[in-house]
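Here is a short report on a predicted model.

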Amino acid sequence: MSLEVALLGYAGFAKLAQGRGRHSRTARPDRARARILGWLLILGSFLAALHRFGPYLAVPAWLALLSVSGVILVLLLSRWPMAATAPWIPMTVIALPLCLL
Amino acid sequence: MKGNGVRQSMAWIHGWLGLLAGWILFAMFVTGTASYFRPEITRWMQPEYRPHAVPQAEAARTTVAWLQKNAPHDEQWTIYLPTERTLSTRAFTRARPNPDPKAPRAPRRPEVRLDPATGAPIEARDTRGGEFFYRFHFQLQLPHPWGRWLAGLCAMFMLGAILSGVITHKRIFADFFTLRWSKGQRSWLDAHNVSAVLALPYHAMITYTGLITLVVMYMPWPILANYPKPTAFAESLYGDTAGQKASGQPGRLADMGRFVEAASAEWEGARVSRIIVGNPDDASSTVTLLRTGEDRLNARGASITYAGVSGARLAASPAPGPAVETAGVMLGLHLGWFAGPLLRWVCFLLGLTGCAMVATGLVLWTVKRQRPGAQPFFGMSLVERLNIGAVACLPAGIAAFLLANRLLPPMLVGRADLEVSAMFWAWFGLAALSLLRPVRRAWIETLAISALLFAAVPIADLAMVGAFPTDGLFVAFDATMFLLAATLGFAAWRTAVRPARAARPRRRAPVTVAEVREAVDVA
């Protein structure tokens, strides 16, 4: 399975969405931290893809999985702005052991 | 068009490129998305066919035995060996051209599907299956070569629309996650932006690689200028020996299973996807085996050619140079054969995102030009009607194609063509009927009919096949049909509730600077 790439991508996008500042009353330094964490998670999803698919296939597979996780996040975000970003912690936690499978 | 800035001119060209090619692009996106599951759709459409898996070498033997009995004197056989996804062997044969130049050309023989275990034509309902969507995707059911030209022209429009769209959209990062419902034109713009931007790498890739797939057809001149014959080009690039002449002496093919085993061993266990036998009854027959592209990005696999009678290894495709490798990888990216089950579903969802992008773009064109209370001008009505015909009625056609597969008697003569007719009658018939209704009612009703037809597909499957499906493929297929029905039903419902919401008087906070800026972007 290569679900961990999509999970990390979703978590990363969720943090970026939190760091965006709209619809949230988060303080500015918190937002900056969320953005940095978001980019780190997206980097993590790329590394997971590299590990899973090898250098040859990693880029297309990563972009595809990342795009779909982004589409799903935005659809959820448009209806449940708070709940959509919440599961980033369990997603990251589930993704890490999946990387090793 | 306001102002003369680059962005304004790009917005203008984006609107027109997208509009003119939009309806055909929507059909191409829909059928192309379905084509990711080409073998699975074919399997669903022949529910009575349950073959036993056999080794590839065995499948090659049984197929050659059948061809030797039924098409012994043909010029060429092309055999697609079964895979994990395609369970039958597919064979195409090409008759020898009549030596008399005045004689009419022999018609191309249709594809034969054989049971790999027995080598007999499979006993199942006749259908085009997933091949229909695949062919329609780039031939548009038009005579050759017009369909391919039109598809290529639309793909070029699409590429232009993608580039101009990216330049037009100045808030790509600010609006990355923005999707607001029930806000009229702004919602359509949000939906169009989100479906385009989030899957932008996919859209750009699929459009560009799609064009490159047929680039030799769209731009034949470099080959004509550098090679005496187009076949010489194929020969030097892929080691293609299709042009070999027959000697006129009869000969008998050696054991086909041995060729498959030898080639597979040379490729370190990789499978054979296709066998091309040239002049099968001649002493100088050739057997070319092509390597599968399932396990790598490059879809154009290596090939080995053997002498058919003696079994000697004649030639192998040269190690691909950078250009051939690039072309093969682009083809592979477009076809998506490398994708395993999860990645294939991901590609399918991205394809649906592309459908949504085209559909929302088409609707946005009309929403943007609507003036409250004003009589729609002719172009506006035309675009609105064509939008309904493409976006809401094509799904009904596809559902009708699948329904016809289950409802037509399995042994009816010519049922494969009837299934295709059912699709076009349902599609264009519904579009014609929708002209009788006012625009909003037409949207709601055609979307609802499409939803009902999709919901009827799994019901017809259960009713006609008789047993609850136990095969995972059938369960997944029927579940997908229900999900598509739910999506279309949701669209119909949203269209129906929209006026009630818009009519509700809203108390608004004073307009902020940010909103003014957005309103300018929208315009």
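Chain B and chain A bury about 2,000 Å² between them, and carbon and sulfur atoms give 77% of that area. Buried area here is the accessible area (1.4 Å probe) that two parts lose on being put together, summed over both. B:Phe177, B:Leu198 and B:Leu342 supply 33% of what chain B buries against chain A, more than any other three residues.

This is a predicted model: local features need pLDDT of at least 70, side-chain atom pairs count only at pLDDT 80 or more, and totals for chains, interfaces and linings use all residues. Residues are numbered from 1 along each chain as its sequence is written, chains are lettered from A and ligands numbered from 1 in the order in which they are written, and side-chain values use heavy atoms, with hydrogens and water left out.

**The interface**

Chain B brings 23 residues to the contact and chain A brings 24. Contact means heavy atoms within 4.5 Å. No salt bridges are counted between the two chains. A salt bridge is a side-chain nitrogen of Lys or Arg within 4 Å of a carboxyl oxygen of Asp or Glu.

Three helices, α6 (185–198), α12 (322–335) and α13 (341–369) of chain B, each supply at least two residues of the side that touches chain A. Helices (H or I, at least four residues) and strands (E, at least two) are DSSP runs, numbered from the N terminus. α13(B) gives the most, with six residues.

The side of chain B that touches chain A divides by residue class as follows.

| Class | Members of the class | Residues on the chain B side |
|---|---|---|
| Nonpolar | Ala, Val, Leu, Ile, Met, Phe, Trp, Tyr, Cys, Pro | 17 residues |
| Polar | the others, Gly among them | two residues |

Seven strands form an open sheet in the order β3-β2-β1-β4-β5-β6-β7 (chain B), with antiparallel pairing. Two strands pair if DSSP finds at least two bridges between them. β3 (112–114) and β7 (313–316) of chain B stand at the edges with a single partner strand each, so one side of each has no neighbour in the sheet.

Strands β5 (residues 286–291) and β6 (residues 303–307) of chain B run antiparallel and are joined by five bridges. One of the partners is B:Ala307 in β6(B), which bridges to B:Thr286.

**A salt bridge in chain A**

Over all chains, the structure holds 22 salt bridges. In one of them, the side chains of A:Arg33 and A:Asp30 meet at 3.4 Å, N to O. These residues are three apart in helix α2 (residues 28–79) of chain A, so about one helical turn separates them.
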